[in-house]
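Here is a quick walk through one model, written for someone who would rather look at side chains than read a log file. Keep the viewer open and follow along.

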Amino acid sequence: MKKLLDLSIPNEGLTLQNLIDDCAQTLKYQVRTGHPHFMNQLSCGLDLVSMAGEWLTATANTNMFTYEIAPVFILMESVVLSKMREIIGWRGGDSILAPGGSISNLYAFLAARHHMFPQYKEKGQSCLSGQLVMFTSDQCHYSVKSCAAVCGLGTDNCVEVPSDERGRMIPRELERLIVERKSKGQIPFFVNCTSGTTVLGAFDPINDIADICEKYKLWLHIDAAWGGGLLLSKKYRHPRLSGIERADSVTWNPHKLMGTLLQCSTIHFKIDGLLLSCNQMSADYLFMQDKLYDVQYDTGDKVIQCGRHNDIFKLWIQFRAKGLIGFEKHMDHLMEMAEYLVERINQTSDKFYLILEPELVNVCFWYIPKRLRSMPHGPQRIQELGKVCPILKGKMMEAGTLMVGYQPDDKRPNFFRSIYSSAAVNKGDVDFMLSEMDRLGQDL
């Protein structure tokens, strides 16, 4: 790539034409994540309305810490986040936009600890009589374990709960591990329930986990960064997200399934005032209490960052363009494309092997090259199919026609995982993906 692009920093500024050429070359060699044949990861597609919102945001170039410099955007944020909490099933509460789902999960962890142990903010670990522990499934996003590292628990105290064959947390295992840790004098306080795991798209059973959290008085956080978009669909919301209103906090990333431009992540709390109580530092050069307006609109003291990017306008204008009905159609379309891919894989089972029926738009499968099509399906064949994935992915990248992700998990070697979060994907694109993979894999 360095041989194709001049990335050097000049001593003197370049001409306008040079800069135009630089922009053209940049776009030429950058991966087109907005193309419907980019099925590689959770954030993809190109929503033109959201993009227009991002342009206006850049033009305004403001910060979201005080109402006085971002009054319209602060009010938009209040309206949109209130509507999202209503969709979750809450009345009242509080929310904020954060720079990605990992930070949203971190906010949930911090707020849970602050709510359950209010002295921790000032006193730290010394206010506790034992070691705090948290629980999450062994299929969760890595950011949950990162919370334990960043916030001083230590990753050994982020307890991974076994999942079933579909990647969903096993509630009886959660309860067993809670009891086990309590018997050691430790303090269970936080459970992360994943709604849409990164690899398999699995949904942990919310109601069963909520029952356990209520029994042992633990904070229930739902990481719906990926699957939260299905809250907008009457057809697909249940049973996947049934019981989400019982959570204490919810992460939901519009920049994933809803197609909002990066970055756009939200964290929601059932309890109002908790964000401010947890994170407030009262810097008197920003958050004076004798301002002209109601200072509750100064959102900066709710967050651990100071400078905060305006991520709301592109989401607000997207809601205005689609409406709730339009977003519902968007979610239904994505799920229908995943269902169509499953149908096509089953129709071409000599060339492709479906690993499991998906709950979300993650469709996991193997491509079967000619040399393996007559081999019985078993451990030896599975190992060979796993070896095919990185080679075929390399061919996709060299051809520049398609990009589909692959990865292993704890139950199997490498397999392909196709993701549909672009509203532009249609049945023709699904058919192209399968035919192109077969074309590129002819000699494997």
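Let's begin with a loop: N61 lies between α2 and α3. This is a predicted model, so everything below is computed from predicted coordinates. N61 has a positive phi of about 50° although it is not a glycine. Its relative accessible area is 66%, over the 50% mark, so N61 counts as exposed.

H238 and P239 are joined by a cis peptide bond, with omega about 5°, and P239 is in the loop between α9 (234-237) and β7 (249-252). Another cis bond joins L262 and Q263, where omega is about -10°. Q263 belongs to the loop between β7 and β8 (265-269).

Now for the rings. How many aromatic pairs does a search of the whole structure find? It turns up 15. Take Y67 and Y293: their ring centres are 5.0 Å apart and the planes meet at 55°, so this pair is tilted. It links distant parts of the chain, 226 residues apart: Y67 is in the loop between α2 (48-60) and α3 (71-88), while Y293 is in the loop between α10 (274-279) and α11 (313-347). Y67 is partly exposed at 21% relative accessibility, whereas Y293 is buried at 18%. The cut-off for buried is under 20%, so the two tyrosines land in separate classes.

F189 and F190 make another tilted pair, 5.8 Å from centre to centre with 45° between the planes. F189 is buried at 0% relative accessibility, and F190 is buried at 2%. Elsewhere, F352, F365, Y367, Y406 and F416 form one aromatic cluster.

| Charged residue | Ring | Distance to ring centre |
|---|---|---|
| K322 | F327 | 5.6 Å |
| R412 | F415 | 5.7 Å |

Strand β5 covers residues 187-194, and eight of its eight residues are buried. What does β5 pair with? Strand β3 (residues 132-137) runs parallel to β5 and is joined to it by four bridges, with M134 having F190 as its bridge partner. Strand β6 (residues 219-224) also pairs with β5 in the parallel sense, over five bridges. There, N192 stands opposite H221.

Last stop, the largest pocket, which has a volume of about 510 Å³. Of its 24 lining residues, the closest to the centre are D94, Q296, Y297, T299 and K302. The elements that give two or more residues to the lining are α3 and β2 (94-98). Helix α3 provides the largest share, six residues. Sorted by class, the lining has eight nonpolar, nine polar and seven charged residues.

Definitions and conventions: Residues are numbered from 1 along each chain as its sequence is written. This is a predicted model: local features need pLDDT of at least 70, side-chain atom pairs count only at pLDDT 80 or more; totals for chains, interfaces and linings use all residues. Side-chain values use heavy atoms; hydrogens and water are left out. Rings of Phe, Tyr and Trp (its six-membered ring) pair if their centres lie within 6.5 Å; planes under 30 degrees apart count as stacked, over 60 as edge-to-face and the rest as tilted. Buried means under 20% relative accessible area, exposed over 50%, partly exposed in between (1.4 Å probe, protein chains only). A charge sits over a ring if NZ of Lys or CZ of Arg is within 6 Å of the ring centre and within 35 degrees of the ring normal. On a 1 Å grid over the protein atoms alone, a cavity is a set of points where a 1.4 Å probe fits but cannot get out, and a pocket is an open set with protein on both sides within 12 Å along at least five of seven lines; lining residues have an atom within 4 Å of a point. Grid points are joined across faces, edges and corners, and a volume is the space filled by probe spheres set on the points. Ala, Val, Leu, Ile, Met, Phe, Trp, Tyr, Cys and Pro count as nonpolar, Asp, Glu, Lys and Arg as charged, and the others, Gly among them, as polar. Two strands pair if DSSP finds at least two bridges between them.
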